[in-house]
Amino acid sequence: MAPPAQSQRTQSPSQPSGKGEVSDLKTQLRQLAGSRAPGVDDSKRELFKKVISYMTIGIDVSSVFGEMVMCSVTPDIVLKKMCYLYVGNYAKVNPDLALLTINFLQRDCKDQDPMIRGLALRSLCSLRVANLVEYLVGPLGLGLKDSNSYVRTVAVFGVLKLYHISASTCIDEEFPVTLKHLMLNDPDAQVVANCLTALQEIWSAEASNSEDASREREALISKPVIYYFLNRMRVFSEWAQCTVLELVSKYVPSDNNEIFDIMNLLEDRLQHANGAVVLATIKVFLHLTLSMNDVHQQVYERIKAPLLTLVSSGSPEQSYAVLSHLHLLVMRAPFIFASDYKHFYCQYNEPSYVKKLKLEMLTAVANESNTYEIVTELCEYAANVDIPIARESIRAVGKIALQQYDVNAIVDRLLQFLEMEKDYVTAEALVLVKDLLRKYPQWSQDCIAVVGSISSNNVQEPKAKAALIWMLGEYSQEMHDAPYILESLIENWDEEHSAEVRLHLLTAVMKCFFKRAPETQKALGDALSAGLADFHQDVHDRALFYYRLLQYNVSVAESVVNPPKQAVSVFADTQSSEIKDRIFDEFNSLSVVYQKPSYMFTDKEHRGPFEFSDELGNLSIGAEAAENVAPSLMVEANDKDLLLSTSEEEEIKGPAYNGSAYSAPLYDASSPSVSSLSTQSELAISNPILSGNASQSSFAIDDLLGLVPASAPAPAPLPPQLKLNSKAALDPGTFQQKWRQLSLALSQDFTISPQGVAALTTPQTLLRHMQGHSIHCIASGGQSPNFKFFFFAQKAEEPSNYLVECIINTSSAKAQIKIKADDQTTSQAFSDLFQSALSKFGLS
C-alpha cells in the first residue's frame with residue numbers, strides 16, 4: 001500500500017510546522033484579545049491549548065506572554081486555568097514577565113466567582129518572586145477573611161508560600177496568629193486541616209530563633225487542641241485525618257484513663273477503607289501503649305486483622321507498603337502472628353518484592369507448631385522460575401533450621417536441595433550447610449557424605465565455593481579426597497577472581513596440612529607462595545601471617561589456625577536493635593518501607609536532630625568510602641620488614657618505636673607480672689641457640705617457599721612533641737566545610753575507663769575536661785548510652801587544625817574516634833594526645 005501524499009498528512013497540534021508557528025500564534029492571540037464576537041472563547045481555547053502543548057514539550061513560548069494575559073480577560077474559567085498555568089511556569093524563569101500579571105491577578109482576586117478568586121490567589125502566591133511580596137499581603141489578608149471556604153483554603157497555603165519567600169514579612173503581618181484563630185474557629189474542616197499543616201511548618205522553622213514560636217509549637221500538642229481535633233475527626237478528609245493522627249501520636253497523655261479515652265475515640269478509624277488512615281491510627285495506638293506491656297500486646301492483637309485485610313486488598317504497591325509495616329510488627333512480636341502464618345504464603349501472581357517480604361515474615365513466625373508446614377511451603381518455592389525468590393526460599397529454610405525448630409527434617413530438605421542439580425540451588429544450599437555445621441557439628445557425617453559428591457568445578461559462585469572450601473578444610477579427615485581437591489584449586493589460583501575464595505583456600509589448606517601433612521605439604525607450599533605474590537592486600541597479608549606462624553612453631557600455628565571449636569549458638573543480626581527501634585519510632589513513614597532510619601536516606605536539610613545529621617558525618621553504620629580514606633602515614637613497615645624475624649625487628653625499632661596506633665605494652669622480662677610461658681617464647685624468638693625446633697621449622701619453610709629474610713630498614717626518627725593552642729577558635733561553618741573537604745586520616749577505637757563512664761552523665765562534663773587539654777568542642781548531642789561529639793584543636797605554632805568525631809557508648813565503654821587534619825603527618829601524634837586526655841577523664 002502506497003504511503004499517503006504529503007498534502008494529506010495532518011500536522012499534530014504539539015508539533016510546530018516551522019519557525020513561524022509561535023509568531024502566528026502571537027498574531028492570532030492579539031487579534032482575539034479585544035474581540036467580543038460570538039464563539040471567540042472557543043477560538044481562544046484552541047490557541048491556548050496549542051500554547052500549553054508547546055510549553056509542555058519544551059518550546060519557548062514566552063514571547064506570547066502579553067497576548068496570553070490580554071486574552072485572559074474573560075469570565076471563561078477554563079481559559080483562566082490555562083492562563084494561570086502558563087503564567088506560573090514562566091514567572092519562575094523570567095521574573096520581569098511576572099510584573100505584567102500582577103494587575104490582572106489582583107483584579108481576579110476580587111472576582112464575584114469564588115472559583116476564580118481562589119485560582120487567582122493560588123497563582124499569585126505561586127509566582128515565588130521576592131520582589132512581588134508586597135503585592136501578596138493584601139490579597140492574602142482578604143482571602144483569609146473570604147466568605148467562601150475554597151478561597152480560605154487556598155489563602156492558608158498562600159501564607160505558607162509567603163513564609164518561604166519572605167519569612168519576616170509573614171511574621172510581621174501576623175499571619176500565623178490569623179491562621180491559629182482560623183484553626184480553632186473556622187467551620188470548614190479543610191481550612192482547619194490546612195491551618196494545622198501551615199502552622200506546624202512555620203513554627204517548627206521559627207522555633208530555633210523564637211521562644212514564642214517554640215511555645216506555640218508545643219501548644220499544638222496540648223490536651224485542649226488534641227481533643228478539639230479528635231472530636232472533629234469524622235468531618236476531616238482522609239488526608240487531613242492522617243495529619244491530625246500524626247499530631248496525636250506526639251501527644252503524651254497524663255494518665256492511663258486518658259490513653260483509653262483516645263483509643264476509644266479512634267477505634268473506628270481501624271476499619272477505615274484508606275490504608276494511610278489505618279496505619280496512622282495504628283501508630284497512635286502503638287506509641288500510646290509503649291509503657292503498658294499488657295495493653296501493648298493487646299494492641300498487636302487488635303491491629304492484626306485490619307492489617308491483614310489491607311494486605312489482601314488494593315494494588316501490589318499499596319499491599320507492599322502495608323506489608324512493610326506488618327513486617328516490622330512481625331519482627332518485633334513474631335509469636336502474636338504465629339497462628340496467621342498462612343496469610344504470608346506467596347501467591348503466584350504477586351510481584352517479587354512482595355514475595356521476598358513474605359518469605360522474611362514466614363521465617364520470623366516459624367515455631368515448633370508450624371515449622372513443618374512452613375518448610376514444606378518454602379521447599380515448593382525452591383523450584384520457582386523466579387530465581388531470586390527460589391534463592392530466598394532456600395535461605396529461609398536455613399534460617400528456620402538455625403532457630404532450632406525441627407532440625408532433623410530441615411537438614412534432610414537442605415541435603416535434597418544439593419541433589420537438585422541446579423547451580424543456584426546448589427550454591428545457596430552449600431552456604432546454608434556450612435552454617436548448619438557450625439551450629440550442629442553432629443550432622444557432619446550426613447552432610448559431608450552429600451557434599452563430597454559435589455564437584456568443585458560445578459560451583460562457580462564465590463560464597464558457595466568459599467563454603468565448600470571451608471568444609472574441605474574443616475572436615476578433611478572425613479573427606480578422603482580433600483587434599484587433592486584443594487590441590488587442584490590451588491593450581492588454578494590465578495584463574496580465581498574472588499579474594500574471599502582465595503582467603504578461604506589459604507585457611508583450608510593450612511587446616512588440611514595439620515591433619516594430613518604428607519598429602520598436603522606441596523599444596524601448602526604452592527598456596528603460600530601464590531598468596532605472597534597475590535595482588536590483593538588481604539590475601540597477601542594472610543599468606544605472610546601463616547608463613548610467619550609456621551616459621552616460628554608449627555604447633556603454635558595449629559593452635560591459632562585450627563583450634564578446638566565450640567558450636568555457634570547465635571548468629572549475629574545484620575541490623576542493630578537501636579536501628580530497629582528508630583525505625584519503629586518512625587512508623588507510618590518511608591523509613592519502614594526502606595527498612596532504615598530517615599537520616600540514612602533524606603537530604604541534609606530535612607534530617608532533623610543535629611546528632612543524626614550527615615553534615616559533619618552521621619552515626620557510623622558502615623566504613624568510610626575507600627576513596628575518602630587517606631592511607632595511614634604511620635604504617636612504615638613494608639613487606640621486607642614483615643619477613644624479618646621478630647628479634648631483628650625489635651633490635652631495629654627499639655623500645656621507643658611508635659609505628660602503630662595499636663602498639664602493645666612493653667614488659668620487663670624480670671617483672672613477676674610476666675608469665676613464664678611468655679618469657680620463654682620471647683627468648684626462643686630472639687635467640688637462635690635456644691630455639692632449635694623453631695629454627696628447623698624456619699629453615700624447612702624457607703626451603704619450601706624459597707624465601708630469605710630481607711635487610712632491615714633504617715630506624716624511623718621520633719616525631720616531635722605536639723603542642724596545642726589553648727585559645728583556639730573555629731566557627732561551625734568553617735568546621736563543616738573542612739570536614740567535608742578533608743579526607744579521613746585515622747579511625748580508631750578506644751576503651752573508656754570505668755571512672756570515665758561513671759563521670760559521663762551529660763555531654764558537658766566531658767567538654768570541660770577536654771577543654772582543659774586545649775581540645776575544644778564545637779557540637780555535641782545524644783543521650784545515655786550513646787553520645788556524639790565533634791572536637792577541634794589547633795597547633796600552637798601554626799594555624800593547622802585537627803577535627804575529631806567521637807562517638808561514645810557508655811554501655812560498652814567504647815569510643816569510636818575519627819580524625820581529620822590539615823597536616824596529616826601529625827595525625828598520629830594528635831591521636832595519642834587526644835586518647836591521653838580521654839583516658840584521664842573521670843580520674844580527677
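This is a predicted model: local features need pLDDT of at least 70, side-chain atom pairs count only at pLDDT 80 or more; totals for chains, interfaces and linings use all residues.

**Packing, pairing and backbone**

Biologist: Which residues in helix 24 meet helix 26?
Modeller: Ala427, Leu430, Val431, Val433, Lys434, Leu437 and Arg438 in helix 24 meet Lys463, Ala464, Ala467, Leu468, Trp470 and Met471 in helix 26. Contact means heavy atoms within 4.5 Å. Helices (H or I, at least four residues) and strands (E, at least two) are DSSP runs, numbered from the N terminus.

Biologist: How do the contact residues divide by type?
Modeller: Ten are nonpolar, none polar and three charged. Nonpolar covers Ala, Val, Leu, Ile, Met, Phe, Trp, Tyr, Cys and Pro; charged covers Asp, Glu, Lys and Arg; the others, Gly among them, are polar.

Biologist: At what angle do helix 24 and helix 26 cross?
Modeller: Axes are lines fitted to C-alpha atoms, for helices over the stretch in contact, and angles run from 0 to 180 degrees between N-to-C directions. The axes of helix 24 (residues 423-439) and helix 26 (residues 462-474) come within 8 Å and cross at roughly 40 degrees. Helix 24 is therefore oblique to helix 26. Under 35 degrees counts as roughly parallel, over 145 as roughly antiparallel, 65 to 115 as roughly perpendicular, and the rest as oblique. The crossing of helix 24 and helix 26 is left-handed: the near helix is turned anticlockwise from the far one by less than a right angle (clockwise would be right-handed).

Biologist: And helix 9 with helix 11: at what angle do their axes cross?
Modeller: Roughly 155 degrees, with the axes of helix 9 (residues 149-165) and helix 11 coming within 11 Å. So helix 9 is roughly antiparallel to helix 11. Their crossing is left-handed. Val156, Val159 and Leu162 in helix 9 meet Phe175, Leu179 and Leu182 in helix 11. That contact has six nonpolar, no polar and no charged residues.

Biologist: What is the strand order in the open sheet?
Modeller: Two strands pair if DSSP finds at least two bridges between them. The five strands run in the order 1-5-4-3-2, with antiparallel pairing. Strand 1 (746-751) and strand 2 (776-783) are the edges, each pairing on one side only. The twist averages 15 degrees from one strand to the next. Strand 2 pairs with strand 3 (residues 786-794) over seven bridges in the antiparallel sense. Gly782 has Phe787 in strand 3 as its bridge partner. Helix 41 (residues 827-839) packs on the sheet; strand 1 and strand 3 are among the strands touched.

Biologist: How many aromatic pairs are there?
Modeller: A search of the whole structure finds 18. One is Phe735 with Phe790, edge-to-face, 6.0 Å centre to centre and 80 degrees between the planes. The pair links helix 38 (residues 732-741) to strand 3, across 55 residues. Rings of Phe, Tyr and Trp (its six-membered ring) pair if their centres lie within 6.5 Å; planes under 30 degrees apart are stacked, over 60 edge-to-face, the rest tilted.

Biologist: What is phi of Glu174?
Modeller: Most residues other than glycine have a negative phi. Glu174 has a positive one, near 60 degrees. Glu174 sits in the loop between helix 10 (167-172) and helix 11 (175-185). Ser774 also has a positive phi, near 65 degrees. Ser774 lies in the loop between helix 40 (763-771) and strand 2.

Conventions:
Residues are numbered from 1 along each chain as its sequence is written. Side-chain values use heavy atoms; hydrogens and water are left out.
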